[in-house]
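Subject: Structure handover

Hello,

Here is the structure for your files. My notes follow below it.

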Amino acid sequence: MSETIAFLGTLDAEEEADFLAALAAALPEETIRPFRTLSAEERAAIRIAIVANPDPAEVALLPNLAWIHSLWAGVERLVRDLGGNGVPIVRLIDPELARTMAEAVLAWTYYLQRDMPAYRRQQETGTWRQLAYRPPGETTVGLLGLGALGSAAAERLVGAGFRVAAWSRSPKPVPPGVAGVSGPEGLAGLLATGDVVVCLLPLTGETRGLLDAGRLFAMKPGAALINFGRGPLVAIDALLAALDAGHLSHAVLDVFEVEPLPPGSPLWRHPGVTVLPHISGPTTPASSAGIVAGNVRAYRATGRIPQAVDVARGY
């Protein structure tokens, strides 16, 4: 029997039970126990922690950790709270997450391309009017981010007939049919030509506030924005100003600086905004547990820690 693995998180009781059950099914040879059930002596022996938004104070009570495995793909909070302790952080790289995110990007791109916000407004006023159809081949989608999620989304969009350009900080290989751009000039060009701009970037010191007033107003007039990355990537006051000025047509937002989105936020009631409750790329217990199990077994067999987050880059 291998040594105990600690489970730490700020989940509700039902979510914790679901993840623990999935992990137990995926790793029947391991003992995985919630942090709160461990004695001080047992905590000192822990080498692996599986975490879901853990309390940093609890992580600090595991003095002999070799590595931490996150159940989420986004790790900016972990890097902020734990990146200085020197323990490698492994993020979730889940093909199922890439598939569901690509599915969401395609669905909400269709929502904008087929003028669904306009039809919703017409319904509210009892207006029966057909709008001119714009085929996917006449719609340019600009993707910000070319990691696993961005690449999967680009492939789905190309398959649906959209023109696709994708931006990354430095040059990267792109899927067939995608125009790859990089650097400040590439970003400016993508924003100026994209009918729909989709943000899938991680949150780092360099990407925080990336879509500020200057860049939002540099977007193609009438363009729409989808943010499935992280809330702080977009300057919300500037976004509302661009929508109110008619420069941008609509924004689909699934991520926010504070979640749940506070009831008093103007985003809830703005006619140019669709608010989603962080559902674009859900983490499923069974799928994530399978990824964690593979990484834990590889570590047990070889002693090598899986590829960890670059704390300096933030992902």
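How much space lies in the second largest cavity? About 30 Å³ lies in the second largest cavity. This is a predicted model, so local features need pLDDT of at least 70 and side-chain atom pairs count only at pLDDT 80 or more, while totals for chains, interfaces and linings use all residues. Residues are numbered from 1 along each chain as its sequence is written, and side-chain values use heavy atoms, with hydrogens and water left out.

Cavities

A cavity here is a set of points on a 1 Å grid over the protein atoms alone where a 1.4 Å probe fits but cannot get out; lining residues have an atom within 4 Å of a point. Grid points are joined across faces, edges and corners, and a volume is the space filled by probe spheres set on the points. The count comes to two cavities of 30 Å³ or more.

The second largest cavity is lined by Asn53, Pro54, Arg77, Leu78, Asp81 and Leu82. That lining has three nonpolar residues, one polar and two charged. (Ala, Val, Leu, Ile, Met, Phe, Trp, Tyr, Cys and Pro count as nonpolar, Asp, Glu, Lys and Arg as charged, and the others, Gly among them, as polar.)

The largest cavity has a volume of about 50 Å³. Its lining includes Leu92, Asp94, Pro282 and Ser287. Helix 5 supplies the largest share of that lining, three residues. By class, the lining of the largest cavity has three nonpolar, four polar and two charged residues.

The second largest pocket

A pocket is an open set of grid points with protein on both sides within 12 Å along at least five of seven lines. The second largest pocket holds about 250 Å³ of space. It has 16 lining residues, and Leu112, Asp115, Arg134, Gly222 and Ser249 are the closest to its centre. Helix 6 (116–125), strand 10 (223–227) and strand 11 (248–253) each give at least two residues to the lining. Helix 6 gives the most, with three. Helices (H or I, at least four residues) and strands (E, at least two) are DSSP runs, numbered from the N terminus. The pocket lining divides into eight nonpolar, three polar and five charged residues.

Asp115 also has a backbone feature. Its phi is near 60 degrees, a positive value in a residue other than glycine. Asp115 sits in the loop between helix 5 and helix 6.

Helix packing

The axes of helix 5 (residues 95–113) and helix 7 (residues 148–159) come within 8 Å and cross at roughly 50 degrees. Axes are lines fitted to C-alpha atoms, for helices over the stretch in contact, and angles run from 0 to 180 degrees between N-to-C directions. Helix 5 and helix 7 are therefore oblique to each other. (Under 35 degrees counts as roughly parallel, over 145 as roughly antiparallel, 65 to 115 as roughly perpendicular and the rest as oblique.) The contact of helix 5 with helix 7 has 11 nonpolar, one polar and three charged residues. Contact means heavy atoms within 4.5 Å.

Helix 1 (residues 13–26) and helix 11 (residues 285–302) pack at about 45 degrees, with axes 8 Å apart. That makes helix 1 oblique to helix 11. Their contact divides into nine nonpolar, two polar and two charged residues.

A cis peptide

Glu259 and Pro260 are joined by a cis peptide bond, with omega about -5 degrees. Pro260 is in the loop between strand 11 and strand 12 (273–275).

Best wishes
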